[in-house]
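Hi,

Here is the structure I promised to pass on to you.

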Amino acid sequence: MPELPEVEITARRLSRGVAGAEIESALAPGMVTMKTFDPPLDALAGRTLEGVRRVGKMLVVDAGGLLVLIHLMSAGRLQLWDTRASLRDRSSRMLIRLEGGRELRLREFGTQQRAWGKLLAPDALEADEAVATLGPDAVPAPPPGEFARLLDQPRHLHQLLRDQRTIAGIGRSWVDELLWTARLSPFQRASDLDADARERLRKACDEVLAGAIEHYERVIGDTVPDKLPMPLQVHRRAGEACPRCGTTIEAIHFKDYVMCYCPQEQTGGRVLKDRRLSRLLK
Ligand SMILES: [Zn+2]
(Lines give C-alpha, C1' and ligand atoms only; values in the text may rest on other atoms or scores of the structure.)
Protein backbone atom coordinates (compact mmCIF):
# COMPACT_ATOMS: atom_id res chain seq x y z
CA MET A 1 0.00 0.00 0.00
CA PRO A 2 2.13 2.90 -1.17
CA GLU A 3 1.52 6.09 0.80
CA LEU A 4 3.23 9.48 0.82
CA PRO A 5 6.78 8.33 1.76
CA GLU A 6 6.71 5.33 -0.59
CA VAL A 7 5.32 7.31 -3.51
CA GLU A 8 7.78 10.15 -2.85
CA ILE A 9 10.85 7.89 -2.95
CA THR A 10 9.45 6.18 -6.06
CA ALA A 11 9.10 9.55 -7.79
CA ARG A 12 12.60 10.64 -6.77
CA ARG A 13 14.30 7.44 -7.92
CA LEU A 14 12.37 7.23 -11.18
CA SER A 15 13.01 10.86 -11.92
CA ARG A 16 16.72 10.32 -11.45
CA GLY A 17 16.58 7.30 -13.75
CA VAL A 18 14.43 8.52 -16.61
CA ALA A 19 14.80 12.30 -16.90
CA GLY A 20 15.82 13.21 -20.43
CA ALA A 21 14.99 9.82 -21.96
CA GLU A 22 13.05 9.75 -25.21
CA ILE A 23 9.82 7.76 -25.29
CA GLU A 24 9.59 5.27 -28.15
CA SER A 25 6.08 4.03 -27.57
CA ALA A 26 3.48 3.57 -24.88
CA LEU A 27 0.68 1.10 -24.37
CA ALA A 28 -1.65 -0.10 -21.66
CA PRO A 29 -2.09 -3.89 -21.48
CA GLY A 30 -4.39 -3.35 -18.49
CA MET A 31 -7.82 -3.27 -20.12
CA VAL A 32 -9.29 -0.83 -17.62
CA THR A 33 -6.12 1.02 -16.60
CA MET A 34 -6.46 4.12 -18.74
CA LYS A 35 -9.28 6.39 -17.68
CA THR A 36 -8.73 8.79 -20.57
CA PHE A 37 -8.80 7.89 -24.28
CA ASP A 38 -8.13 11.15 -26.07
CA PRO A 39 -5.31 11.64 -26.79
CA PRO A 40 -4.33 7.95 -26.91
CA LEU A 41 -1.46 6.82 -24.67
CA ASP A 42 0.83 6.38 -27.67
CA ALA A 43 0.71 10.15 -28.18
CA LEU A 44 3.67 9.99 -25.76
CA ALA A 45 5.84 8.48 -28.51
CA GLY A 46 8.66 10.78 -29.58
CA ARG A 47 8.39 12.98 -26.50
CA THR A 48 11.08 13.48 -23.89
CA LEU A 49 10.41 12.18 -20.41
CA GLU A 50 11.16 15.11 -18.14
CA GLY A 51 10.68 13.52 -14.76
CA VAL A 52 8.36 11.90 -12.26
CA ARG A 53 6.81 13.70 -9.29
CA ARG A 54 4.31 13.02 -6.53
CA VAL A 55 0.91 14.60 -5.99
CA GLY A 56 -0.71 13.24 -2.81
CA LYS A 57 -0.39 9.47 -3.15
CA MET A 58 -0.33 9.71 -6.95
CA LEU A 59 2.52 9.95 -9.44
CA VAL A 60 2.85 12.35 -12.33
CA VAL A 61 5.06 11.44 -15.29
CA ASP A 62 5.89 14.64 -17.18
CA ALA A 63 6.61 14.15 -20.87
CA GLY A 64 7.00 17.09 -23.20
CA GLY A 65 3.62 18.80 -23.17
CA LEU A 66 1.66 15.84 -21.84
CA LEU A 67 1.59 14.11 -18.48
CA VAL A 68 0.43 10.79 -17.12
CA LEU A 69 -1.31 10.90 -13.75
CA ILE A 70 -1.03 7.48 -12.09
CA HIS A 71 -2.73 6.11 -9.00
CA LEU A 72 -1.07 2.93 -7.76
CA MET A 73 -4.05 2.09 -5.51
CA SER A 74 -3.17 -0.68 -3.06
CA ALA A 75 -1.12 -3.06 -5.20
CA GLY A 76 0.43 -1.05 -8.05
CA ARG A 77 4.11 -0.28 -8.57
CA LEU A 78 5.77 2.00 -11.11
CA GLN A 79 9.29 0.84 -11.86
CA LEU A 80 12.07 1.34 -14.37
CA TRP A 81 13.27 -1.79 -16.11
CA ASP A 82 16.30 -2.35 -18.34
CA THR A 83 14.37 -4.72 -20.55
CA ARG A 84 10.84 -4.80 -21.87
CA ALA A 85 8.04 -6.78 -20.30
CA SER A 86 6.99 -10.04 -21.85
CA LEU A 87 3.56 -9.55 -23.33
CA ARG A 88 2.53 -12.59 -21.33
CA ASP A 89 3.33 -10.79 -18.06
CA ARG A 90 -0.14 -10.45 -16.59
CA SER A 91 0.92 -7.92 -13.99
CA SER A 92 1.66 -5.25 -16.64
CA ARG A 93 -0.81 -2.40 -16.67
CA MET A 94 1.00 0.38 -18.53
CA LEU A 95 4.27 0.31 -20.45
CA ILE A 96 6.16 3.47 -21.38
CA ARG A 97 9.00 2.26 -23.59
CA LEU A 98 12.13 4.35 -23.60
CA GLU A 99 15.11 4.58 -25.92
CA GLY A 100 17.78 1.94 -25.34
CA GLY A 101 15.29 -0.82 -24.52
CA ARG A 102 14.37 0.52 -21.10
CA GLU A 103 10.81 0.67 -19.90
CA LEU A 104 8.82 2.54 -17.28
CA ARG A 105 6.35 -0.12 -16.23
CA LEU A 106 3.20 0.07 -14.15
CA ARG A 107 2.57 -3.34 -12.64
CA GLU A 108 -0.09 -4.50 -10.25
CA PHE A 109 -0.01 -7.50 -7.96
CA GLY A 110 -3.02 -9.75 -7.50
CA THR A 111 -5.93 -10.30 -9.82
CA GLN A 112 -7.76 -7.01 -9.32
CA GLN A 113 -7.19 -4.18 -11.75
CA ARG A 114 -7.53 -1.05 -9.69
CA ALA A 115 -4.42 1.00 -10.48
CA TRP A 116 -5.21 3.63 -13.07
CA GLY A 117 -3.69 6.26 -15.32
CA LYS A 118 -4.86 9.39 -17.12
CA LEU A 119 -3.08 11.09 -20.00
CA LEU A 120 -3.60 14.82 -19.57
CA ALA A 121 -2.44 18.16 -20.84
CA PRO A 122 -0.40 19.87 -18.09
CA ASP A 123 -3.01 22.58 -17.56
CA ALA A 124 -5.69 19.92 -16.94
CA LEU A 125 -3.92 18.44 -13.92
CA GLU A 126 -5.09 20.86 -11.26
CA ALA A 127 -8.68 20.58 -12.46
CA ASP A 128 -8.68 16.78 -12.57
CA GLU A 129 -11.12 15.41 -10.01
CA ALA A 130 -8.49 13.23 -8.28
CA VAL A 131 -6.19 16.24 -7.82
CA ALA A 132 -8.68 19.07 -7.32
CA THR A 133 -10.25 17.31 -4.33
CA LEU A 134 -6.95 16.78 -2.47
CA GLY A 135 -6.38 18.53 0.83
CA PRO A 136 -2.99 20.07 1.59
CA ASP A 137 -0.03 17.71 1.52
CA ALA A 138 0.91 16.09 4.84
CA VAL A 139 4.59 16.96 4.26
CA PRO A 140 5.50 19.56 5.18
CA ALA A 141 2.68 19.61 7.72
CA PRO A 142 0.25 22.52 7.25
CA PRO A 143 0.88 25.44 9.64
CA PRO A 144 -0.94 25.31 13.03
CA GLY A 145 -3.90 27.50 12.07
CA GLU A 146 -4.65 25.62 8.89
CA PHE A 147 -4.09 22.26 10.59
CA ALA A 148 -6.59 23.21 13.31
CA ARG A 149 -9.19 24.07 10.66
CA LEU A 150 -8.62 20.76 8.87
CA LEU A 151 -9.15 18.84 12.09
CA ASP A 152 -12.29 20.72 13.04
CA GLN A 153 -14.54 17.83 12.04
CA PRO A 154 -16.48 15.50 14.37
CA ARG A 155 -14.86 12.37 12.93
CA HIS A 156 -12.48 9.78 14.34
CA LEU A 157 -8.84 10.65 13.78
CA HIS A 158 -8.07 7.33 12.11
CA GLN A 159 -10.71 7.93 9.47
CA LEU A 160 -10.16 11.65 9.06
CA LEU A 161 -6.39 11.47 8.59
CA ARG A 162 -6.81 8.92 5.79
CA ASP A 163 -9.30 11.13 3.97
CA GLN A 164 -7.33 12.60 1.08
CA ARG A 165 -9.77 15.52 0.87
CA THR A 166 -8.74 16.58 4.39
CA ILE A 167 -4.99 16.01 4.16
CA ALA A 168 -3.14 14.27 1.34
CA GLY A 169 -0.73 11.36 1.54
CA ILE A 170 -1.69 9.33 4.61
CA GLY A 171 -3.10 5.80 4.43
CA ARG A 172 -3.64 2.76 6.59
CA SER A 173 -0.01 2.16 7.51
CA TRP A 174 1.22 5.62 8.38
CA VAL A 175 -1.93 6.70 10.20
CA ASP A 176 -1.10 4.15 12.92
CA GLU A 177 2.41 5.54 13.20
CA LEU A 178 1.23 9.15 13.38
CA LEU A 179 -1.33 8.45 16.10
CA TRP A 180 1.13 6.39 18.11
CA THR A 181 3.79 9.10 17.82
CA ALA A 182 1.29 11.74 18.99
CA ARG A 183 -0.09 9.38 21.69
CA LEU A 184 -3.67 9.72 20.43
CA SER A 185 -6.50 7.22 20.20
CA PRO A 186 -7.58 6.25 16.68
CA PHE A 187 -11.16 6.82 17.87
CA GLN A 188 -10.54 10.28 19.30
CA ARG A 189 -12.88 12.80 17.69
CA ALA A 190 -10.72 15.25 15.74
CA SER A 191 -12.78 18.31 16.68
CA ASP A 192 -12.33 17.51 20.40
CA LEU A 193 -8.52 17.72 20.32
CA ASP A 194 -6.98 20.42 22.46
CA ALA A 195 -4.25 22.67 21.11
CA ASP A 196 -1.48 20.58 22.63
CA ALA A 197 -2.73 17.33 21.07
CA ARG A 198 -3.21 19.02 17.70
CA GLU A 199 0.35 20.25 17.78
CA ARG A 200 1.69 16.79 18.68
CA LEU A 201 -0.15 15.37 15.70
CA ARG A 202 1.03 18.14 13.39
CA LYS A 203 4.62 17.64 14.43
CA ALA A 204 4.21 13.88 14.01
CA CYS A 205 3.37 14.42 10.32
CA ASP A 206 6.75 16.03 9.72
CA GLU A 207 8.70 13.79 12.05
CA VAL A 208 7.24 10.47 10.94
CA LEU A 209 6.55 10.99 7.26
CA ALA A 210 9.59 13.10 6.46
CA GLY A 211 11.59 10.68 8.63
CA ALA A 212 10.38 7.76 6.51
CA ILE A 213 11.46 9.56 3.33
CA GLU A 214 14.91 10.17 4.83
CA HIS A 215 15.07 6.50 5.81
CA TYR A 216 14.27 5.45 2.24
CA GLU A 217 16.87 7.89 0.90
CA ARG A 218 19.45 6.09 3.03
CA VAL A 219 18.52 2.48 2.34
CA ILE A 220 17.10 2.42 -1.18
CA GLY A 221 19.44 2.41 -4.16
CA ASP A 222 18.55 3.17 -7.76
CA THR A 223 15.68 0.69 -7.86
CA VAL A 224 12.70 0.82 -5.54
CA PRO A 225 11.94 -2.78 -4.53
CA ASP A 226 8.45 -4.31 -4.68
CA LYS A 227 8.34 -4.40 -0.91
CA LEU A 228 9.80 -1.33 0.70
CA PRO A 229 11.66 -1.61 4.01
CA MET A 230 9.08 0.46 5.90
CA PRO A 231 10.38 1.84 9.23
CA LEU A 232 7.20 0.99 11.16
CA GLN A 233 7.00 1.03 14.96
CA VAL A 234 3.44 -0.20 15.61
CA HIS A 235 1.66 -0.92 12.36
CA ARG A 236 1.75 -4.67 11.58
CA ARG A 237 3.34 -5.20 15.00
CA ALA A 238 0.38 -6.46 17.02
CA GLY A 239 1.53 -8.72 19.83
CA GLU A 240 4.98 -7.12 20.00
CA ALA A 241 6.14 -4.80 22.76
CA CYS A 242 5.56 -1.07 22.26
CA PRO A 243 9.02 0.39 21.48
CA ARG A 244 8.35 3.23 23.94
CA CYS A 245 6.63 1.70 26.95
CA GLY A 246 6.80 -2.08 26.47
CA THR A 247 3.03 -2.64 26.58
CA THR A 248 1.78 -5.22 24.08
CA ILE A 249 0.62 -3.57 20.85
CA GLU A 250 -3.04 -4.36 20.18
CA ALA A 251 -4.86 -4.58 16.86
CA ILE A 252 -8.36 -4.14 15.57
CA HIS A 253 -9.13 -6.03 12.38
CA PHE A 254 -11.40 -4.51 9.79
CA LYS A 255 -12.52 -6.12 6.55
CA ASP A 256 -9.38 -5.26 4.62
CA TYR A 257 -7.01 -3.57 7.02
CA VAL A 258 -5.65 -3.69 10.54
CA MET A 259 -5.41 -0.82 13.01
CA CYS A 260 -2.57 -1.13 15.56
CA TYR A 261 -2.09 0.94 18.71
CA CYS A 262 -0.53 0.97 22.16
CA PRO A 263 -3.34 0.74 24.74
CA GLN A 264 -1.17 2.13 27.52
CA GLU A 265 -0.30 5.35 25.72
CA GLN A 266 -3.16 5.87 23.29
CA THR A 267 -6.42 4.64 24.76
CA GLY A 268 -6.00 5.21 28.49
CA GLY A 269 -5.12 1.57 29.15
CA ARG A 270 -8.24 0.23 27.44
CA VAL A 271 -8.03 -2.57 24.88
CA LEU A 272 -10.60 -1.73 22.24
CA LYS A 273 -13.04 -4.30 20.98
CA ASP A 274 -11.73 -6.19 17.97
CA ARG A 275 -14.73 -6.40 15.67
CA ARG A 276 -13.38 -9.51 13.97
CA LEU A 277 -13.17 -11.34 17.28
CA SER A 278 -16.54 -10.12 18.46
CA ARG A 279 -18.09 -11.26 15.20
CA LEU A 280 -16.59 -14.70 15.57
CA LEU A 281 -17.83 -14.99 19.12
CA LYS A 282 -21.44 -14.11 18.31
ZN1 LIG B 1 3.43 2.30 24.42
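Predicted model: local features only at pLDDT ≥ 70, side-chain atom pairs only at ≥ 80, totals over all residues.

Residues are numbered from 1 along each chain as its sequence is written, and side-chain values use heavy atoms, with hydrogens and water left out.

Let's start inside. A nonpolar core is a set of buried Ala, Val, Leu, Ile, Met, Phe, Trp, Tyr and Cys residues joined through side-chain atoms within 4.5 Å. Buried means under 20% relative accessible area, exposed means over 50%, and partly exposed is in between (1.4 Å probe, protein chains only). The largest nonpolar core has 35 residues, and L151, L161, W174, L178, L184 and L201 touch the most other members. Two or more residues come from each of α1 (4-18), α3 (144-151), α4 (157-161), α5 (174-181) and α6 (195-219), and α6 gives the most, with 9 residues. Helices (H or I, at least four residues) and strands (E, at least two) are DSSP runs, numbered from the N terminus. Another core, of 27 residues, lies apart from this one and includes M34, A63, L66 and L98.

Now for two helices. The axes of α3 and α6 come within 10 Å and cross at roughly 105 degrees. Axes are lines fitted to C-alpha atoms, for helices over the stretch in contact, and angles run from 0 to 180 degrees between N-to-C directions. The helices α3 and α6 are therefore roughly perpendicular to each other, a label that covers 65 to 115 degrees (under 35 is roughly parallel, over 145 roughly antiparallel, the rest oblique). Where they meet, P144, F147, A148 and L151 of α3 are in contact with R198, E199, L201, R202 and C205 of α6; contact means heavy atoms within 4.5 Å.

Next, a few single residues. T10 sits in helix α1 and is buried, at a relative accessible area of 8%. Leaving out residues up to four places away in sequence, T10 touches L59, L78 and V224. P40 is in the loop between β1 (21-27) and β2 (48-55) and counts as partly exposed, at 49% relative accessibility.

Finally, how many disulfides are there? The count is 0, taking a disulfide as a pair of cysteine sulfur atoms within 2.5 Å. As for two of the cysteines, C245 is partly exposed at 33%, whereas C262 is buried at 0%.

Enjoy exploring!
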